[in-house]
Amino acid sequence: MPTPQKHTNNLIKESSPYLLQHAHNPVQWEAWNDATLQKAKDENKLILISIGYAACHWCHVMEHECFEDEEVAETMNAHFINIKVDREERPDIDHIYMDALQMMTGSGGWPLNILALPDGRPFWGATYVKKQDWIQVLNQLQQLYIEDPKKIIGYAENMAHGLKEINAIVTENNQDFIQGEEIDNMVADWSNYFDTFLGGYKRAPKFMMPVNLNFLLHYSHVKEDGNIREYVNTTLTRMAWGGIFDHVGGGFSRYSVDTKWHVPHFEKMLYDNGLLISLYSNAYAATKNELYKSIVEDTVTFLEEELLDKKHGLYSSLDADSLTTDNKLVEGAYYVWQESQLKDILKSDYPIFADYFNINSYGLWEEDNYVLIRDGEALDIAMKHSITKIELKEIISNSLALLKKERAKRKKPRLDDKILTSWNGLALKGLTDAHRYLEKEKYKELALKNADFILDKMSMNDGGLYHNHKNGKSTIHGFLEDYASIIDAFIGLYEISFDEKWLNESLRLTNYVIDHFSDTETGLFFFTSNKEDKLIRKTIEVADNVIPSSNSIMAHNLHKLSKYFPEDNLDVLLNTIMKTMKPAITKNPQNHANWLHLAQLMSENFFEVVAIGENFELICKNLMKNYLPNTIFAASNAKTSNLPLLMNRYVMNKTLIYVCNHGSCQMPVEEPSKALDLISSID
């Protein structure tokens, strides 16, 4: 049973579902705000900062073992100002203290627990800690602060210096861009880490890395590299077959704890699913593999059914943990199956289903629970059971529908119903790619409604964006990640709607970023705006992880917008940024895959395709379903347009297609096939 709520602390005033989960802990938690920080200084108390998020399994474990415990609370309340932070609500704070933890321990994760001086400079950190160890370390460090404060202050000063150093971007007098041959060498070195049998890297846990795979998909296409193409397809197939994908309800969990993508930590995050919709849509365009198409369809269905707000914003996540029939909060309880349950539900179809999804030693997790996982081609299963592939597909589809109906009777995982601009941008971009390549009108409608929500609910009076939305209110000013992902999504929305409003919004928001986030020394952008209160460090985020860095997304945006608006000199800023980033990209390409992708795009021919005339929609639909990662599209049937690519190109009673490269255009053609020939023939 959940712990009785005997206490209430100041988190009860917050809107974040994660903070509200802790509002009835006996710990006297405070939210991160000026008053709390000032109180620490006034009382000369150490700050205990604990960062997590609503869907985090180990955050719940530590809450139950430590923060709900009276003895622990007594220690924490006596000596510390205790601050709870939702890392999704305040990524700016999380960036700094995660860097601190990694400097101290060599690794990171959540819950992220930091002890800091009253001014916020950290000196100790850890992730999950057991109760007695937690009490012991808190008492020891508090005692040291009383007896020998200089020791702790000295360590905190060194740490603060290190935090600035680790985030410093070294500018070199580099005048060269990354060339194609350099990219080839980086990919060759990188490929030594590839697991060519199960996909991903040769290690566990396995994280899906959409950014890496999206770059490698493009690279293998451009270079006609069969080995890289096979690796990408192996990874995409194994992820789609794995338990990390919810075969019953659609959508992906964050990562698998094993090498075969089998058992995840079961939290399902909007950002993963938004990025994976894009990736699988691109992969479907490149391969026409029906598995990839079905993954896109099932994942969009998951967004609609589980994360879509009535006003068309998208919620943040579903928890890893859910209540069992005896009311215990257990990881994965909502998603797993026992053999007896499956036999009872599926009846005569059980043997085929059991072969298909490995209800055997391969699919067994723990305590007689199975996580559905595929490990072979459908045709092989069909032949084994002497049925056709179509018959097999129907049996599996009907079986999954029965399981979905049965699962609906279970208690659902908790929903984090805050709406984040940045993650909505990633999902919106996913929907635009899904519409473009799967040609489903519903996806375009969903995308437009979500974009309207962003403009309506997430816009600030000064023209900027808010970061969060909950209970009808937006309170936290946007970070660079919010602007970057929305600009990217709006460019994508222009390309499937050809409504210039979205392109103009992208340019307007880009100029807002240049005005309020620029670092004049490097050409890059700070994570926080120049209007915000200062933290102990002004972060510049450049490393690509599961989510691409905000700066790398902005660099891609500048690249595309410089083609749409060549007179705005965005290419000058982009060139500065790419020269600044060259040393970091070449030193560690794995952690800069989105940058490497842009370097690839800038090292090859990049096309602007313009369709103008009455039949522009049909022509663009025909062209854009092809995998053309090095191409942007502009189109209209209007005689006049303010968009530079469309100016002076309208010819009465004709729909003309112009294929341009760096502003230099071939003679216009009227058939899409001829335009494709031009794109493929220009070297």
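Colleague: What volume does the largest cavity have?
Modeller: This is a predicted model, and the structure in it holds three cavities of 30 Å³ or more. The largest cavity has a volume of about 690 Å³.

Colleague: Which helix gives the most to the lining of the largest cavity?
Modeller: The lining of this cavity is made up of 34 residues, and closest to its centre are N214, N282, K429, D433 and K560. Several elements each supply at least two residues of that lining, among them helix 9 (210-223), helix 11 (270-287) and strand 16 (631-636). With seven residues, the element that gives the most is helix 17.

Colleague: Which side chain of opposite charge is nearest to D309, and how far away is it?
Modeller: D309 is found in the loop between helix 12 (290-307) and strand 10 (315-318), where, leaving aside residues up to four places away in sequence, D309 touches Y315, I419 and F453. The side chain of D309 also reaches the backbone nitrogen of K311 at 2.8 Å. A salt bridge would need the charged atoms within 4 Å, and D309, although buried, has none, the nearest side chain of opposite charge being that of K311, at 6.5 Å.

Colleague: Is N653 buried or exposed, and what is its relative accessible area?
Modeller: Most residues other than glycine have a negative phi. N653, however, has a positive phi near 65°, and N653 is found in the loop between strand 16 and strand 17 (656-661). Because exposed means over 50% relative accessible area, N653 counts as exposed, with a value of 76%.

Terms used: Residues numbered from 1 in each chain as written. Predicted model: local features only at pLDDT ≥ 70, side-chain atom pairs only at ≥ 80, totals over all residues. Heavy atoms only, no water. Helix = DSSP H or I, 4+ residues; strand = E, 2+ residues; numbered from the N terminus. Buried < 20%, exposed > 50% of the residue type's maximum accessible area, 1.4 Å probe, protein only. Lys, Arg positive; Asp, Glu negative; His and termini not counted. Polar contact = N/O pair within 3.5 Å; in protein donor to acceptor, adjacent residues only side chain to side chain. Contact = heavy atoms within 4.5 Å. 1 Å grid on protein atoms, 1.4 Å probe; cavity = no way out; pocket = protein on both sides within 12 Å on 5 of 7 lines; lining within 4 Å. Points joined across faces, edges and corners; volume = space filled by probe spheres on them.
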